[in-house]
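Look at the structure, then follow each answer from value to rule.

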Amino acid sequence: MNNKDKAGCLGCLGILMIIGTIGGVIAAFTKGIEGGIFSNLLKAIVLAILGIVLIKKAIKHDKYAEENEENNNSKSPKDNNEKNDDRKVNNKKSNVIKEKKHQVNNEEVKGESVKENQQFDKKCEVAQIGNENITNQEDTSEPLKSVRKKLDLNYTKARKINDSFVVIDFETTGLNYEEDEIIQYGLVEFKNGVIVHEECKYFQPYFNEVSEVVENITGISNEFLADKPILTKEALVSLLDQIEGKTVVAHNAPFDMKFLLYNLFEFNVEHKKFRVFDTLTYARKHISGTANYKLATLNKKFNLADGSAHDALNDARATGQLALLLIKKMNQTK
């Protein structure tokens, strides 16, 4: 039913209700009080209101019908053609989007997702920054999985160590080694229980920014890192040269080792299997009377190192001193 027909129906109903109102008023005064004058008047008023409402709606629908008719008459064939062209364009865009989604889905099924290719290209680009002398033999046109051997996060867990080792500690943009980045590392080498070398480097994150939470914990801000270099293959090779072949010590080693091993993998840096002593594991076995086994708590209890917690170099110093303490305790229990 179009607007014109609706207007006619509503108008007829409204007129009938107005007629019913008039009849109700006449009946009320004819029958008098005994015949229910007040109830008849009330019915008449209700009918009058409904009739007026229906007539107004009828007028409104009639107006819309006239406006639509004028608009349809005023539209040129050109307007209709443009409308059809817009529909064709929209349909074409929809088909293109569907086709692209289908291609992406197919690539993901094959393990060659677009995201992997983009990340691989970016990693290759980063690997070349400041590394003109290091040749990257990887074919960036191939997906990551096809040119990389499988990621191996395993390492040998050392049960015993002597007092010569190297400590590493990382500060990162988050806890996920696959998505977050290293922004600082601290390295401290001990020989015969004495510090012989220290190193600390900062890196500007390439994919992420330092969150407010991480800044509050580490004291490292985006502004501070703005002029720092990006982590490169050269930097990782330099770090590897200082720790490979030595016993690596870390507090909560799985965290630091995952970041180390994943980044060596991403930059295609060959390395031998690491031998790692986790001070957290052995602190739980040989230290009692402490609220928890966080490095900051143990540092405070045993006065391991000066400086603030969650600074990679200071944490590496504290971890090294904790390792020496654990060596003594482990030797006493033999």
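Q: What makes β3 and β4 a hairpin, and which residue in the turn has a positive phi?
A: β3 and β4 form a hairpin with two residues between them. In the turn, Asn192 has a positive phi of about 55 degrees. Strands here are DSSP runs of E with at least two residues, and helices are runs of H or I with at least four, numbered from the N terminus.

Q: What kind of model is this, and which pLDDT limits apply?
A: This is a predicted model, where local features need pLDDT of at least 70 and side-chain atom pairs need 80 or more, while totals for chains, interfaces and linings use all residues. Residues are numbered from 1 along each chain as its sequence is written, and side-chain values use heavy atoms, leaving out hydrogens and water.

Q: How do you know that β3 and β4 pair?
A: Two strands pair if DSSP finds at least two bridges between them. β3 and β4 (residues 194-202) have eight, in the antiparallel sense.

Q: What joins β2 to β3?
A: Eight bridges join β2 (residues 165-172) to β3, and the two run antiparallel. Phe165 has Phe190 in β3 as its bridge partner.

Q: Why is β3 called largely enclosed?
A: Buried means under 20% relative accessible area, exposed means over 50%, and partly exposed lies in between (1.4 Å probe, protein chains only). Nine of the ten residues of β3 (residues 182-191) are buried, so the rest of the structure largely encloses this strand.

Q: What is the order of the strands in the sheet, and which stand at the edges?
A: Six strands form an open sheet in the order β1-β6-β5-β2-β3-β4, with mixed pairing. β1 (156-157) and β4 stand at the edges; each has a single partner strand, so one side of each lacks a neighbour in the sheet.

Q: In what sense do β5 and β6 pair?
A: β5 (residues 247-250) and β6 (residues 275-278) pair in the parallel sense over four bridges. Val248 stands opposite Val276 in β6.

Q: Which strands does α10 touch as it packs on the sheet?
A: Contact means heavy atoms within 4.5 Å. α10 (residues 279-286) touches β5 and β6. Its buried residues are Thr279, Leu280, Tyr282 and Ala283. Their cover includes β5, β6, α11 (295-302) and α12 (312-332).

Q: How many aromatic pairs are there, and why is Tyr206 with Phe207 called edge-to-face?
A: Rings of Phe, Tyr and Trp (its six-membered ring) pair if their centres lie within 6.5 Å; planes under 30 degrees apart are stacked, over 60 edge-to-face, and the rest tilted. By this rule there are nine aromatic pairs. The centres of Tyr206 and Phe207 are 5.0 Å apart and their planes are at 90 degrees, so this pair is edge-to-face. Tyr206 is partly exposed at 26%, and Phe207 is partly exposed at 32%.

Q: Why is Phe277 with Tyr282 called stacked?
A: Their ring centres are 4.8 Å apart and their planes are at 10 degrees, so the pair is stacked. Phe277 is buried at 0% relative accessible area, and Tyr282 is buried at 11%.

Q: What makes Lys228 a charge over a ring?
A: The rule asks for NZ of Lys or CZ of Arg within 6 Å of the ring centre and within 35 degrees of the ring normal. Lys228 lies over the face of Phe224, at 4.0 Å from the ring centre. Lys301 sits over the ring of Phe302, 5.6 Å from its centre.

Note on methods
Axes are lines fitted to C-alpha atoms, for helices over the stretch in contact, and angles run from 0 to 180 degrees between N-to-C directions.
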